[in-house]
Amino acid sequence: MNQKLDVFAHVLPINLLKNIKQDVPSIIEDNLFLQIPSLTDLELRHQNFPQDVKQIISNVNLNPEDHFDAEKSAQMCWDANEEMLQLQKDNADIFESVVAMIPMNNLDESIKIIREVSQNPSLIGIQVFTRALGKSIADPEFEEVFKTAAESKVPIWLHPVFDERKPDNNLTFSWEYELTQVMYQIVTADYFEKYPDLKIIVHHAGAMVPFFAGRIKYTLPKYYEDFKKFYVDTAILGNPKALELTMDFYGTDHLVFGTDAPFAVMPNGATKEITQAIDEMDISDTQRNAIYHNNFINLLKEK
């Protein structure tokens, strides 16, 4: 079998963190997930690392636009992208490539970063979050990001965040709702029709969509096929039957290996639990190899 490519793994660029802490001293105390040691401790990250896995790294949910103006946010994203590229080079035995940050409060610079990604083989996509600046990422204000990414053949990684207007957010269920709602908004905004080269990788196995496929089919028949155009990862902490359901909906070629490392299972994430679930799926070895490796390579071929 080919090398397993984990498409959704996170790091925290230490210089980015230091720069934010200068103006937001309580950033770590306010965001406990930033305290996970192996986000920054690469010696720990290497411990017991599976030899047949390499990770595609993206920044953890720490976005300059939440704290700084447009000019500073853009510079911090450029610098953090360079820092992650150096992290990858220094740890090429475990890190395969880098997903770039973009400043959602500076769309001109975001477009420049997308175009840079399209020309840089070490940068393979951009990461966006379900909400930015108090709005859905599918808000028309941000459509240019999707348009440019599609035209530039740059894949988009879609990661959930809380909608801070809601008083009852919780990590177990809220993120899955936020992902599902944004997928709905992207589809009903006709982005896949307007931008046929758009490639979006959704975290957490496409959230609620596979389970409610029948409901989508009969209540949103116009959009049913467009929901299948997302790519989704395997980061649901196990559950082979749920992954089979995901593959049934999206098709074998749109399911890619992702773990959300180093979160959920300390110290370095749920790689063991998720690979075990994939290995227990009732599928062929060819399909399994596609999930672990070939689907992601095929997704990138047009970049």
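1. Is F212 buried, partly exposed or exposed? F212 counts as partly exposed because its relative accessibility is 35%, where buried means under 20%, exposed over 50% and partly exposed in between, with a 1.4 Å probe and protein chains only. The model is predicted, so local features need pLDDT of at least 70 and side-chain atom pairs count only at pLDDT 80 or more, while totals for chains, interfaces and linings use all residues. Residues are numbered from 1 along each chain as its sequence is written, and side-chain values use heavy atoms, with hydrogens and water left out.

2. F212 lies in the loop between β8 (200-202) and α9 (213-219); here helices (H or I, at least four residues) and strands (E, at least two) are DSSP runs, numbered from the N terminus.

3. Turning to the rings, the count comes to 9 aromatic pairs, a pair being rings of Phe, Tyr or Trp (its six-membered ring) with centres within 6.5 Å, called stacked for planes under 30 degrees apart, edge-to-face for over 60 and tilted for the rest. One of them joins F249 and Y250 edge-to-face, at 4.9 Å centre to centre and 85° between the planes. F249 counts as buried because its relative accessibility is 6%, and Y250 is buried at 4%.

4. The pair of F257 and Y292 is edge-to-face because the ring centres are 5.2 Å apart and the planes stand at 80°. This pair links distant parts of the chain, 35 residues apart, with F257 in the loop between β10 (255-256) and α12 (271-280) and Y292 in helix α13 (residues 285-300). Both F257 and Y292 are buried.
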